Amino acid sequence: MLLIRFKYRLSFLVFLVLLLGKSYSQNSKSLVDISSEFSNLKSQVNDTLKVEKLIDLYRTSIYQGPIRKDILDEALLISESIFYINGIGKCYNRMGITARYEHDYIQSVTYHKRALSYFEKSTDTLSKIKCLNSIGVSYRKLNLESEAYNNYINALRLSEATNDNKSIAIALSGIGNVFLDTEEYDQALPIFRRALVIERENKNLRGQEYAYANIGEVYLNTKKFDSAQVYFNRAMKLAVDHPRKEGVALIYNFLGLLSQREGNFKESTRTYEKAIPLLMEFNNTRYLSNTQINIGINKTYTGEYPEALASINAGLQNALKIQSRQNIELGYDALATYHTKTNNYKEALQAYKKATKYHDSIVNVISKKNMIAAQIQYESAKKDAQIKNLAEANILSLEKTRKRSLSLWIGAIVSVLIISLLLVFINLLHKNRALDLERKNIELKKYMGQINDLRAEMQSKSAEDENEWISNLDQFDLSKREIDVLQLISDGFNNDEIAEQLFVSKNTVKTHIQHIYSKLDVKNRVQAMKKVAIV
């Protein structure tokens, strides 16, 4: 085992040297003058080829930085003006990807669904498959696993129907990650292995890197650490040999967690610290917060308390900034452990309550998912109406052109008839818009009513939970006075404050607490609160 560990560490040194060499060669590549290229394209005739070039230039701005959203706006404007359906879909799909990078996942889904509505009208099956996979990714970020799974499955079916192996592998990877999120590891592993086989056949090194990392994560979560190490090392080699943004940093994150799970906290910290500069360089706040919190956890267990607290707080602040529920829960759990080890039980209880709050929010996850889904549906419905209006306007424009041409031959009589028909059409259009607005107002009132009903239900539930908590304590045979003391402990009171509240001496309070510990079979306050929370 020691020999294997030595080989792994030696491999990392080789990887690091290769990484520096690859980074240097990448930086030496010439950059595109995006502003000049954009100006040149704007002077060209508006057609489908110009739209495709603008979309490619926008993608270049993403890789070079800064992101030029005005280029994509220009591509969308031209696509709409020439009614290039596939171009409109591609623009909205890119907007969805950008929104996801900016952690605005609801907006990302809205853009992707808008794009999908256009791809449904086109014959571009590949773009439709890419869009479905992208919707799946954004839904996963929102913890809407069922919706993510359905979109990945649809992408997989289309990919298999068209024998597109690259898209098949991407869809399989997405489905496997859904099973990872739901902790169905037996389902995830064969899917990731199938994706790896396809990526090897395609000689897609980036896809192989993802597959190795995903398989390693399955083994990590099932505590097969040696297997996890093997697959993470394979992923790391590919990430170093073929650098892509924060790819190396993400593998370091997995390896840091692996060392932590094995109890090697100092090695875990060293590995995590290698990831931080890369995560900061590529602005990956989600993994950065996770890395910072885990470094804090490691330093808590190695007794480096000041550094531990600073690292946990930094990671928690980043997690709160992007509302990453998993990292927020991890951060508060880390704070609870830190305060327990430093004998700050009141702060430990407060942190534990906050962690429990985020964890218990899973109970209401169906309601939250319905609210998010309703919001996405509402936004998509609004845009669908705009799409319909755009199509109608285009049809109307063609009709006007035809009628003007006929008017040259038919004369003034036909012109009068056309004007009359236009007036009737406009009147009908105004009536349809009024009816559409009324319908949307009714839907909005109904949606707001549902939100108010949900708020009232959650408020009544909190009172019921408190009564249920007290009744569940009967099984521990606690006296009424001991229950009173336990309630004050749960509120964060110390012994002096409990004595003052109950009008008894401090020694009496200590006696009650000892009885509570004995009956609950625990050793401290945090354990006591966890014991009653489980009940």
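**Reading a predicted chain**

User: Which residues does UniProt list for "transmembrane region"?

Analyst: The unreviewed UniProt entry gives residues 406–429 for that feature. UniProt positions follow the numbering used here, feature names are shortened, and an annotation may be inferred rather than shown by experiment. This is a predicted model, where local features need pLDDT of at least 70 and side-chain atom pairs count only at pLDDT 80 or more, while totals for chains, interfaces and linings use all residues. Residues are numbered from 1 along each chain as its sequence is written, and side-chain values use heavy atoms, with hydrogens and water left out.

User: How much of residues 406–429 is helix, and how much is strand?

Analyst: Helices and strands are DSSP runs numbered from the N terminus (helix: H or I, at least four residues; strand: E, at least two). Here the span is 96% helix and 0% strand, and its end C-alpha atoms lie 24 Å apart. Zooming out, the chain has 24 helices and zero strands.

User: What about two helices side by side: how do H4 and H5 cross?

Analyst: Angles under 35 degrees count as roughly parallel, over 145 as roughly antiparallel, 65 to 115 as roughly perpendicular, and the rest as oblique. The axes of H4 (residues 69–81) and H5 (residues 85–101) come within 8 Å and cross at roughly 155°, so H4 and H5 are roughly antiparallel to each other. Contact means heavy atoms within 4.5 Å. Among the residues making this one are Leu72, Ala75 and Leu76 of H4, with Ile88, Cys91 and Met95 of H5. The contact residues of H4 with H5 divide into seven nonpolar, three polar and four charged. In that grouping, Ala, Val, Leu, Ile, Met, Phe, Trp, Tyr, Cys and Pro are nonpolar, Asp, Glu, Lys and Arg are charged, and the others, Gly among them, are polar.

User: Is His339 buried or exposed?

Analyst: Buried means under 20% relative accessible area, exposed over 50%, and partly exposed in between (1.4 Å probe, protein chains only). His339 has 13% relative accessibility, so it counts as buried. His339 sits in helix H17 (residues 325–341) and, leaving out residues up to four places away in sequence, touches Asn344, Tyr345, Glu347 and Ala348.

User: And where is His512?

Analyst: His512 is in helix H23 (residues 506–520). At a relative accessible area of 16%, His512 is buried. Again not counting residues up to four places away, His512 touches Arg481, Glu482 and Val485. For the whole chain, buried residues make up 43% of the 535 residues.

Terms used: Axes fitted to C-alpha atoms, helices over the stretch in contact; angles between N-to-C directions.
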